[in-house]
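Please open the model and keep the sequence beside it. Here are my notes on its charged pairs and its nonpolar packing.

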Amino acid sequence: MRPLSLRATLGWALFVFAIAQGVGAGVVIFWFSSMAPSSLAKIRYDGALVALVTLITNPIQIVLLAAVARWRTGGGVAEYLGLTRFSRQDLLLGLLAIAGLIGALDGISYLAGLDIVTPFQIEAFTTARSDGWLWPLVLAIVVVGPAGEEVLFRGFLFRGWVGPGARGVIAIVVIALVWAGMHVQYDWFGIGQVFLTGLVLGWLRWRSGSTLLTILLHVLVNLEGTLETLTAMEWAAR
């Protein structure tokens, strides 16, 4: 199945992303318009809003990307987006790579005296729990967000940009950079961690040919971060 050109892939990705984020912006405007100014001044990352926007925008993004893939290529959507089976060997390799990366990054954070759990995570989960949105936020961050991001970056963009040889390596790095740059809720060290994770996921996508594998590994990364956040919140409450 011949992929879209580099330019067409970028254009359609931006178009779909803009539509999904436009819907998300509408939700944000409606959400904050109903809040008192005194409450707005105290909140940077409202967990309920993060959950709601994530749960709305990512399914829209997935559906639209699938529609574009079907319309422009005339082939199978699952094959085009890499939603195919992966081998046990690639799964094991992926688990080991992600575990090693998480261990190394947490170790560096600890030795450097940095917070393993970011302020964004603490505030989002704390406000979500107080508003009764904790489990929707967990669903959004652990499952829905990873699915939407992987279909866009290691699915649609990967299919159109990554080729054999040096071009493939460069494209994987660029995709990881763009993905990391979207995570503006983190500081530079956090964005760097996202970038390294993107490189590992990109390599595993290239090796396995499966976006389903990177979705699963992304879910596990976010699950680990969620468990760290919940643990930190419990310790802080004591």
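1. Start with a term. A salt bridge is a side-chain nitrogen of Lys or Arg within 4 Å of a carboxyl oxygen of Asp or Glu. This is a predicted model, where local features need pLDDT of at least 70, side-chain atom pairs count only at pLDDT 80 or more, and totals for chains, interfaces and linings use all residues. Residues are numbered from 1 along each chain as its sequence is written, and side-chain values use heavy atoms, without hydrogens or water.

2. The whole structure holds 3 salt bridges. In one, arginine 207 meets aspartate 90 at 2.6 Å, N to O. Arginine 207 sits in helix α9 and aspartate 90 in helix α5, so the pair ties together parts 117 residues apart in sequence. Helices are DSSP runs (H or I, at least four residues), numbered from the N terminus.

3. Is aspartate 90 buried or exposed? Its relative accessible area is 9%, so it is buried. Buried means under 20% relative accessible area, exposed over 50%, and partly exposed in between (1.4 Å probe, protein chains only). Arginine 207, at 41%, is partly exposed.

4. Glutamate 150 pairs with arginine 154, with the closest N and O atoms 2.7 Å apart. Both lie in helix α7, 4 residues apart, or about one helical turn. Glutamate 150 is buried at 0%. Arginine 154 is buried at 1%.

5. Now the packing. A nonpolar core is a set of buried Ala, Val, Leu, Ile, Met, Phe, Trp, Tyr and Cys residues joined through side-chain atoms within 4.5 Å. The largest one has 51 residues, and Leu137 is among those touching the most other members.

Notes: Helices (H or I, at least four residues) and strands (E, at least two) are DSSP runs, numbered from the N terminus.
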